[in-house]
Amino acid sequence: MNKSLYIVAFSLAFATTGIAQNNEGQDKVIDLGTQTTTELRKTQAVSTIYSDELDKNATTSPYNAIYGLLPGLSVMQNTSWGTDKSRLNVRGRGSLNGDTPLFVVDGFARPLEYINLSEIESISVLKDGAATALWGGRGANGVVLITTKRGIYNKKDIKVDYKFGLGLPVDQPEFADAYTYAKARNEALRYDGLQPDMDEASFLSGANSDLYPNVDWIDETFKNTGISNKYTIEFRGGGNKFRYYTIVGLLTDKGFIKNANMNDGYSTQDKYSRANLRSNLDIDLTNTTKLKLNILGTLAESSRPGASADLWNMVYSLPPSAFPVRTEDGTWGGNSTWAGTLNPVAQSQGAAYSKGHTRSLFADLTLSQDLSGFVKGLGVDLRLAYDN
């Protein structure tokens, strides 16, 4: 598996007015999904982080952004390129049938990977029976609650943000060269009472690269840097009866394929791009009747080299002496001995590319009626949701 580490190289933000939220000393509100509490009044096992902590992270994945920030939540990062989804556990494995917690976005069970990190107001992890009782059996492995940002009464804010990420491969294996491989293979054959079958001297001299190749498949297939760009613009405000929050985001991510532009008219680079549009509206119909409307739409496009296959499996399957990347006449390398294993460089540079598109739409409406005029503290909510 190709591992990568994303570090912040550049971040630029502009806002017409500052939005001071979750200041130190304030009793922060915790949304438990069907009710709210505060940091000072909570009795359940709940861990919460807020937008000011999330904004410091330049990762493209909301899963990886919460790594190490929430006590009781373990995040196993799947750090191969283009994989947003990590494995999350709340206080370890919850059952023999599965260990994935329930993800709830603004009160509805929905996936987390479609959300732009900038639109999140808070993330809470519910860990004990008292906290997860509201969600029944679905919360057996814990619950992760995501609350998105909302508008502000009598205010108007615009925020523009740009983040640049640089990806660096880490923990990559170091393979032996062709001479070392030939020497070790011959030694193993001797121990088994068999005749050595590799010409060590020819691999050491490197005189005939077609017959005695010495290929570093990792270096020939992959480069050492990948880049990501994240652009967002947020509109937040409202009047006396109406509040709005809208965010438009664009994410572009390019991977580690080396020499991806060898073909006229197209690139074989690993590429991923996603556009997000979220709009959260709050309308006070009366003093006791309130309407919430949330809409999230995403468009994503991914591109990968070749029609197959796992380049890393190819790299791991080929010794450096199998065949050259290209023969002296320019033909892609390969032979009958390794007929079952494809040339990873040929697959990454010369086997065209495959492209995929995904679209999603999430909408929900909540109508809240305060009935305190009849019974103090009584209220009723009507909720409708549409997921596509």
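Student: Which residues does Thr-232 touch, not counting those up to four places away in sequence?
Tutor: This is a predicted model, where local features need pLDDT of at least 70, side-chain atom pairs count only at pLDDT 80 or more, and totals for chains, interfaces and linings use all residues. Residues are numbered from 1 along each chain as its sequence is written, and side-chain values use heavy atoms, with hydrogens and water left out. A contact means heavy atoms within 4.5 Å. Thr-232 touches Asn-116, Ser-118, Lys-159, Val-160, Asp-161, Ile-247, Val-248 and Gly-249.

Student: Is Thr-232 buried or exposed?
Tutor: Buried means under 20% relative accessible area, exposed over 50%, and partly exposed in between, with a 1.4 Å probe and protein chains only. Thr-232 sits in strand S12. Its relative accessibility is 3%, so Thr-232 is buried.

Student: How many bridges join S12 to S13?
Tutor: Strands are DSSP runs of E with at least two residues, helices are runs of H or I with at least four, and both are numbered from the N terminus. Two strands pair if DSSP finds at least two bridges between them. S12 and S13 form a hairpin with 3 residues between them. Ser-228 has Asp-253 in S13 as its bridge partner, and the antiparallel pair S12 and S13 has bridges numbering 12.

Student: Which residue in S14 stands opposite Thr-252?
Tutor: S13 and S14 run antiparallel, joined by 13 bridges. Opposite Thr-252, S14 places Ser-273.

Student: What is phi of Asn-259 near?
Tutor: Asn-259 is in the loop between S13 and S14. At 42% relative accessibility, Asn-259 counts as partly exposed. Most residues other than glycine have a negative phi. Asn-259 has a positive phi, near 55°.

Student: Where does Ala-352 lie?
Tutor: Ala-352 is another non-glycine residue with a positive phi, near 60°. At 31% relative accessibility, Ala-352 counts as partly exposed. Its place is the loop between helix H8 (344-349) and S16.

Student: How many cavities of 30 Å³ or more does a search of the whole structure find?
Tutor: Rolling a probe the size of a water molecule over the atoms shows where empty space is left. On a 1 Å grid over the protein atoms alone, a cavity is a set of points where a 1.4 Å probe fits but cannot get out, and lining residues have an atom within 4 Å of a point. Grid points are joined across faces, edges and corners, and a volume is the space filled by probe spheres set on the points. At 30 Å³ or more, the number of cavities is 2.

Student: Which elements give two or more residues to the lining of the largest cavity?
Tutor: The largest cavity holds about 90 Å³ of space. Its lining has 13 residues, with Thr-60, Asn-116, Lys-230, Leu-251 and Arg-274 nearest the centre. The elements giving two or more are strand S12 (226-238), strand S13 (242-254) and strand S14 (271-284).

Student: How many residues of that largest cavity's lining are charged?
Tutor: Ala, Val, Leu, Ile, Met, Phe, Trp, Tyr, Cys and Pro count as nonpolar, Asp, Glu, Lys and Arg as charged, and the others, Gly among them, as polar. The lining has 5 nonpolar and 6 polar residues. The charged ones number 2.

Student: Which strand supplies the largest share of the lining of the second largest cavity?
Tutor: This second largest cavity has about 70 Å³ of space. Its lining has 7 nonpolar, 1 polar and 3 charged residues. Strand S15 (289-305) and strand S16 (353-370) each supply at least two. The largest share, 3 residues, comes from S15.

Student: Val-105 is one of the residues lining the second largest cavity. What is its bridge partner in S10?
Tutor: Strand S7 (residues 102-105) runs parallel to strand S10 (residues 143-148), with 4 bridges between them. In S10, the partner of Val-105 is Ile-146.

Student: Which strands stand at the edges of the 5-stranded open sheet?
Tutor: The sheet has mixed pairing and the order S4-S9-S10-S7-S8. Each edge strand has a single partner, so one side of each is left without a neighbour in the sheet. The edge strands are S4 (46-50) and S8 (108-109).

Note on methods. On a 1 Å grid over the protein atoms alone, a cavity is a set of points where a 1.4 Å probe fits but cannot get out, and a pocket is an open set with protein on both sides within 12 Å along at least five of seven lines; lining residues have an atom within 4 Å of a point.
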